[in-house]
Amino acid sequence: MQIVAIVVSLVIAAVGIALFVKAIRHIIAVVRLGQPTASRTDAPGARATTLLRESLGHTRMLQWTAVGVGHWFIFVGFGLLFFTLLTAFGQLFDAGFALPLVGHFVLYEWATELFTWAMLVAIAVFIGYRATRPSARTRGPKGRFYGSTMWQAYFVEAVILGVGLCIVTLRGLEYALMSASGEDGASALHFPLTFWLGEAFSGASTGALENAIYLVATLKIVISFTWMIVISLNPTMGVAWHRFTAFFNIYLKRESDGGTALGGLQPMMVGGTAVDFENIEDLDEDAVMGIGKIEDFAWKGILDFTSCTECGRCQSQCPAWNTEKPLSPKLLITNLRDHAYAKAPFLLTDPEDEEARAALPEHARAAADRELVGATAGDPALPSGGAVIDPEVLWNCTSCGACVQQCPVDIEHVDHIIDMRRYQVLIESNFPSELNGLFKGLENKGNPWNMSPTARMDWAKGLDFEVKVVGGDGENDPADLDEVEWLFWVGCAGAFEDKAKKTTQAIAELLHIAGVSFAVLGTEETCTGDPARRAGNEFLFQMMAQQNVEVINAAFGERERKKVVVSCAHCFNTILNEYPSLGGKYEVVHHTQLLNKLVRDRKLVSVTPLDRSASQVTYHDPCYLGRHNKVYSPPRELIEATGAKFTEMPRNQNRSFCCGAGGARMWMEEKVGKRINLERVDEALATGADKVITGCPFCSVMLNDGVTARKADGSAAETTEVLDVAR
């Protein structure tokens, strides 16, 4: 028995290790096919701290508490219980083997048994959870496993269950063998959670117990190395490989301070260098703008794809997926992953060696000819032919960032989507027709509404005080911003959209009442470029952003503190996070932050005229204020200051549901599924609120349209309205 156990175990271990090394080398080769990118290794101390916090602390996983706790025990157990695998090899040669130094150390024994049992309970619950989910058959918020490769997940879970049972059984047999041999240590002190199992083996002979240990140790080794062989033969098996790649993916994340890849977008890169108007003339003629082929992705992008666990958290939170559209962030990533590894043999072959490429398997040659973005066959979310990514999938994204915020291994979905949009716009000129009007308005009029720029100050008409305009021709207009504390960035919506203009007036009135000195840029202000950038028109964004930075810098002059207050969440995000790379470094606050400070400082005692006795209100977190920039408390504190009855929607703060306007979707029609704004309005109305409060003019437009639609079908009362916090 012992000889057979040794031979079987050593053979399968040798095969497993050889294949595992080969698979690792292949994965590294595939990742290296990607393009250079900006530094991902700066601030090593901060990155190491983030890695420890997110891995050992499980901070991202614990966003879903129960699942996170269970996964933590499995994660830690995977590392800790590796030592039990070493013990199993030793037991093949000596049934009573224990690791030197720690083998009979009480704390080690307690930790081993505690984590084994916790791992067994957790994995049993996970198997039950997965088995009772709609899994691959059902779409929608409950079907987060739709499209996941279920056999792989069940296989991994079965392996963990099998290994855990082997460890527990071996511990019981060890107890029984020690008792039968009369050795010290056969007690509950050394076997705190398995002594009872050992007692069940009492009465067996020493030889029988030794043979049982040889058998179970072999079974444990066979299970472990079968797992290794299977994952080595399936390099796209993210549910297993993330155990190794996640550490690198987290350490090499975009933000060295540990932040998610939200807020500002990753700049367009060529050869690892950010492209802007200053260096565009230095680019080669064949330089690729954006991503048009799988090999155009940066190496970090391919590492992202490799690290996807197919857990579906991103999918469960995505507003497009939740409203029956074909975009699933998970399936987008896994489709790109599968395509990268399918095309890799072609890309890894010498381009000059035509014979070698002709000898490649048919699937590799087919992958080489496959379009990245284009018409697909079958389900656009899981295409069975045609291109890898359907255009409908690419343009469904609202860039709300829910996928990025939820991902436990820090995949940067939004950056990848925008990079593919950049190629479609800048190289292919292939984008939704509605965006033509957006681009035309931005280029010719400086605003997405295509309104005359001379009307930018119309919002100030009717105010009982004069709004100062930098460089204006009014009697009190300042030449620059030295005379005032704040530059008030009005934004295109605040200047041109009817309801948003009322919010702009309200903010100006409140600042005036509080004695805050401010000025605006008037007709010198133009769109920040946010919708152009999110739509993939990077050069239009660069043009508008650089123009704005020059105007703002000239207005501030040599002033040290350059303070900007912004009413639009999208303008806020762009000026705060994207203008610094273009030379525009300012102290930027959202109007809810400034107004809340004024209330706390008692410079404002009443913020809004809500009827406190009759109003039931709820608050919608704008994605670009909340999730992208973590501004959650100020708007709520302002609402509380009114004394209104406040009820949160079920999806709020970092899990807030998008209004549907981001990612330039404000100017595109929703042709598939339920409208995102209707989904959010239905959720708001379900709270019983008659006033839906928000802090972004884009959100206000979308929610107001939704409320209007629900009034028309009788789902909302005529008194229901959408208001900005400032009103």
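**The pocket lining and its helices**

Tutor: The largest share of the lining of the largest pocket, 8 residues, comes from H9, a helix being a DSSP run of H or I of at least four residues, numbered from the N terminus. The model is predicted, so local features need pLDDT of at least 70 and side-chain atom pairs pLDDT 80 or more, while totals for chains, interfaces and linings use all residues. Residues are numbered from 1 along each chain as its sequence is written, and side-chain values use heavy atoms, without hydrogens or water.

The pocket (an open set of 1 Å grid points where a 1.4 Å probe fits, with protein on both sides within 12 Å along at least five of seven lines) has a volume of about 850 Å³. Its lining (residues with an atom within 4 Å of a point) comprises 38 residues, and Met61, His71, Val239, His242 and Thr309 lie nearest the centre. By residue class, the lining of the largest pocket divides into 21 nonpolar, 10 polar and 7 charged residues, with Gly counted as polar.

The second largest pocket holds about 670 Å³ of space, and of the 29 residues that line it, Arg254, Glu255, Gly264, Leu265 and Asn577 are the closest to its centre. Its lining is made up of 8 nonpolar, 12 polar and 9 charged residues.

Returning to H9 (238–251), this helix is one of those against which the buried residues of H10 pack, the others being helix H1 (2–31), helix H13 (329–347) and helix H18 (413–426), where contact means heavy atoms within 4.5 Å. Helix H10 (residues 299–307) has 8 of its 9 residues buried, so it is largely enclosed by the rest of the structure, buried meaning under 20% relative accessible area with a 1.4 Å probe, protein chains only. The buried residues run from Lys300, Gly301, Ile302 and Leu303 through Asp304, Phe305 and Thr306 to Ser307.

After H23 comes Gly557, with a positive phi near 65 degrees.

Methods
Helix = DSSP H or I, 4+ residues; strand = E, 2+ residues; numbered from the N terminus. Buried < 20%, exposed > 50% of the residue type's maximum accessible area, 1.4 Å probe, protein only. Points joined across faces, edges and corners; volume = space filled by probe spheres on them.
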